[in-house]
Amino acid sequence: MAKVSEIGQMDTLVELRSCVITSGVQGEVVYNFTPFRRVWAKVQRDVSEMVDDYNLEGSHSYLLTIYKVPTLTTRWRVIMASQEYEITNIVDDERLSPLMTLSIHAIDGITNG
């Protein structure tokens with residue numbers, strides 16, 4: 001995973017939004033995202049390619065290395081450069097390391113200004 005050898009590598013400020021799940025008026029599931037914390041992150045671009053219906057498609061995602069947040073789950077959201085991202089994977093770099101790596105993917109059509 002992404003190792004951070006110097007604190008200066010964590011140069012991008014991102015916002016973490018926690019997810020609270022409630023029930024709506026008709027019993028539907030409602031996801032509410034509230035700002036939790038702004039953190040510094042090391043950002044690495046990750047491009048994955050796949051073949052779908054005989055077409056080559058590329059998916060852009062990012063790897064963020066941040067200090068560990070114990071309550072963070074994959075239901076949370078990340079706001080980076082006014083774009084909302086979903087968390088697809090969380091990896092603890094090492095058990096005793098203070099860092100964790102998030103794989104995030106852009107949510108199409110949703111922007112926050």
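**Aromatic pairs and their surroundings**

Author: In this predicted model, the count of aromatic pairs comes to two.

Reader: What makes the pair of Phe36 and Trp76 edge-to-face?

Author: The ring centres of Phe36 and Trp76 lie 4.9 Å apart, which is within the 6.5 Å required of a pair, and the planes stand at 65 degrees, an angle over 60, so the pair counts as edge-to-face. This pair links distant parts of the chain, with Phe36 in strand β2 and Trp76 in the loop between β3 and β4, 40 residues apart.

Reader: Why is Phe36 called partly exposed, and why does Trp76 count as buried?

Author: Phe36 has a relative accessibility of 35%, and because this value falls between 20% and 50%, the residue is classed as partly exposed. Trp76 has a relative accessibility of 6%, which is under 20%, and therefore Trp76 is classed as buried.

Reader: How do you know that the pair of Tyr62 and Tyr85 is edge-to-face?

Author: The centres of the Tyr62 and Tyr85 rings are 5.7 Å apart, and their planes meet at 90 degrees; since the distance is within 6.5 Å and the angle is over 60, the pair is edge-to-face. Tyr62 belongs to strand β3 and Tyr85 to strand β5, 23 residues apart, and the pair links distant parts of the chain. Both Tyr62 and Tyr85 are buried.

Reader: Why is Ser97 called buried, and where is its place?

Author: Ser97 has a relative accessible area of 14%, which is under 20%, so the residue is buried; its place is in the loop between β5 and β6. A polar atom of the Ser97 side chain lies 3.1 Å from the backbone nitrogen of Leu99. The C-alpha atoms of Ser97 and Lys68 are separated by 8.6 Å, although these residues are 29 apart along the chain.

Reader: How do you know that β4 and β5 pair?

Author: These strands share four bridges in the antiparallel sense, and because at least two bridges are required, β4 and β5 count as paired. Met80 stands opposite Gln83 in β5, while Ala81, in the hairpin of β4 and β5 with two residues between the strands, takes a positive phi near 55 degrees.

Reader: Which residues have the most contacts inside the largest nonpolar core?

Author: Among them are Leu16, Leu64 and Leu72, in a core of 18 residues. Leaving aside neighbours within four places in sequence, Leu72 is in contact with Leu16, Ile87, Ile90, Met100 and Leu102.

Technical notes
Residues are numbered from 1 along each chain as its sequence is written. This is a predicted model: local features need pLDDT of at least 70, side-chain atom pairs count only at pLDDT 80 or more; totals for chains, interfaces and linings use all residues. Side-chain values use heavy atoms; hydrogens and water are left out. A nonpolar core is a set of buried Ala, Val, Leu, Ile, Met, Phe, Trp, Tyr and Cys residues joined through side-chain atoms within 4.5 Å. Buried means under 20% relative accessible area, exposed over 50%, partly exposed in between (1.4 Å probe, protein chains only). Contact means heavy atoms within 4.5 Å. A polar contact is a pair of N or O atoms within 3.5 Å; within protein, one must be able to donate a hydrogen and the other to accept it, and residues adjacent in sequence count only if both atoms are side-chain atoms. Rings of Phe, Tyr and Trp (its six-membered ring) pair if their centres lie within 6.5 Å; planes under 30 degrees apart count as stacked, over 60 as edge-to-face and the rest as tilted.
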